[in-house]
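Trainee: Please take one part of this model and go through it closely. Then link it to the rest of the chain, and spell out each term as you go.

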Amino acid sequence: MPQTKNTGSNLAGNKDLSCLRCRKKKAKCSKTRPACTRCARSNQLCEYPDAPPNLSDLSQKVLGLYDTLRKLEDTFVTQYGSNLLDNNDQEPTGYNSSRASSEMPSIETLSIHQPAKRLKTAPTPTSASIIDEGALPGNWSMTLTSEGLTLHAVTRNIIEFTSFAKDFSQQLQYNNQTDTKLWEWFDDEPVDDDDDDPLDEDEYLVTVPVYATASLLRDPSIPIHLDDTISINDSLYEHISPHISNMLTHLRQMYGTLDDDDFSISHIHITTLLLHMRPFVSLDEHDPMPLLARFCLCTAYAASTIYLRHGVDGSSLVDDCVTYASGLLVELVLQRQTEFHPIIIGAILLTSLQRPRMIHLAARALCASCDWDPRDKKWQQLAALVLYFEAHSSAFYEWQDIGEARNWLLQAASRLSTSEEKTSAALGLEAQLMCLLKQVFALFYCRESGDNNTGMRKVDVDDVLNLVRDIEIWEQKLPQWMQWSCAHNDTDDERSLLLRMHIHMIHSIVKILLFRPFSIPIDHDNDEMQTYTRTTFLDLSMASVDRLSTCLSYINAENDWCRAGRRLGLDVVYRVQQTFPCDEELIHKLEETKKQLQ
């Protein structure tokens, strides 16, 4: 009588199995379906050992089986050809094709007996012994025909297919006398879920101190004036209109400077935006001026005055232009009567003018634009600039998060990294770096608060390791001209050198921020292993500080990133001095590094 399987009891037993990720880490699993609590929190794929087989994996195994059969076919053909040559040597009078055809192996002669158990050590069987064993019903066989080697097998379900593939793998090992396991897919050794030694939840997490980003990066001596005031009335324009002639003259001079590439690398983002804005700025005075022309004029004038023409007087005029342009931006968006390109450019420029919330409008307008083309260089640059100013605002002004739009924009911005034009390539690489910086912020830092230290946080170890891996991969994939090994290449022009130093400066800042939570002593930190870990991360931080000081010596500029780099470098130097106060050689080196940073 055929035996019936008690599927109900097996299903009930399988529900008690831990997922594969928790079993591998020997961690306690909540065993909830479709994803356990640990995998859901870490945003990792959760798989259970009793889950239905993946058809794509099975198809890959079948393709691998076909490859093995093709190799076996070559062996059979070679052996059969050598036999024919031996027969020809014995019969020099001629070749009998009918006799050769009669000696062609048949299904019966090539049928291979299915072993009942795994064959560990056994002598290599001869062809005669295989022939004597014959073919049993339900087994598989091979036939060498004029068309090639043919495999015959009958499997009615996935269990029989699994058994067939395993037995075929065992037979190959048996014939080749090798101990190498050819098919790692099959494993006869069962895993007892009850033998798991579950780890405590806290052992899978790491506790780190949490700090506010602006408290670490922003120079308190530099005043900021975040203002969300939006005015749509015409009173501001009445104050601005008498100065329009001077504003247009200023913009003509500014664009002439940009045409001559006479601008600092530290202002590459502003100059790129101003060049994008140029087609929409009417440099000829006419009255009345349309709303879009007013918006572009006020935005371009304010940005160029603050970042490119520090000597121009008229701070009150600049403030009026920023306030009026913010109101016009909202009005233009509500009217929906203009194209998105100048709206996006103006919103990004207003973000740089301490209106950080405008970055959300720029990201949404960019994603909603009907003219969007990720293959177009201008849209790739705008996507990179949105990612840059989102991270810049979060670091120095006010925490901003554009959400899922970040990943979508990153795909377009990353295409710039392979551009032959070095300025565009630097924007693409910087956009990737800004996304990594945002991940560091999300894991270890928080928004601005009254107290610098805002408490402790438990972080998943896998998230930390994945972030470290992504940062290292980013550095390894840098183009040749951007590699740190080419930092002192005398054949490079000054612009390429400054671009390289700017990117590596921000890269060093990202790594210092990543290492910082693990190199700060905790009050209850008395574990020797934790002390060793803290020392290791201090060493890594000092290596980043050395590179950072080199970059700052080349850039020699006063901007937010340079000031943040000096603050972080001095912070690392101070913590190393506190950790190793008796190492005179190290103290002397730290003093030299401090002088370079100051």
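Mentor: In helix 24, Leu590, Thr593 and Leu597 are buried. Buried means under 20% relative accessible area, exposed over 50%, and partly exposed in between, with a 1.4 Å probe and protein chains only. Seen down the axis of helix 24, the buried residues fall within an arc of 60°, so they line one face. The arc is taken over the directions from the helix axis to the C-beta atoms. Glu584, Glu585, His588 and Lys595 are exposed, on the other side of helix 24.

A word on the source: this is a predicted model, where local features need pLDDT of at least 70, side-chain atom pairs count only at pLDDT 80 or more, and totals for chains, interfaces and linings use all residues. Residues are numbered from 1 along each chain as its sequence is written, and side-chain values use heavy atoms, with hydrogens and water left out.

Helices (H or I, at least four residues) and strands (E, at least two) are DSSP runs, numbered from the N terminus. Asp583 caps the N-terminal end of helix 24, with a side-chain oxygen 3.4 Å from the backbone nitrogen of Glu585. This is a polar contact: N or O atoms within 3.5 Å, where within protein one must be able to donate a hydrogen and the other to accept it, and residues adjacent in sequence count only if both atoms are side-chain atoms.

Helix 17 is mostly covered, with 18 of its 20 residues buried. Helix 17 spans 28 Å between its end C-alphas, close to the 28 Å expected. At its start, a side-chain oxygen of Asp376 comes within 3.2 Å of the backbone nitrogen of Lys378.

Next, the interior. A nonpolar core is a set of buried Ala, Val, Leu, Ile, Met, Phe, Trp, Tyr and Cys residues joined through side-chain atoms within 4.5 Å. The largest one has 132 residues, and Phe444, Met505, Leu513 and Trp561 touch the most other members. Helix 19 (residues 422–444) gives the largest share, 14 residues. Another core lies apart, with seven residues, among them Cys19, Cys29, Cys39 and Tyr48. In soluble globular proteins, nonpolar side chains tend to be buried together.

Look at Met505. Beyond its neighbours within four places in sequence, Met505 is in contact (heavy atoms within 4.5 Å) with Leu548, Cys551, Leu552, Ile555, Trp561 and Cys562. Arg516 sits in the loop between helix 21 (494–515) and helix 22 (528–555). Arg516 is buried, at 6% relative accessible area.

Most residues other than glycine have a negative phi, and most peptide bonds are trans. The bond from Arg33 to Pro34 is cis, with omega near 0°. Pro34 is in the loop between helix 2 (20–25) and helix 3 (37–42). Lys31 lies in the loop between helix 2 and helix 3, and has a positive phi of about 60°. Lys31 counts as partly exposed, at 31%.

How values were computed:
Expected span 1.5 Å × (residues − 1).
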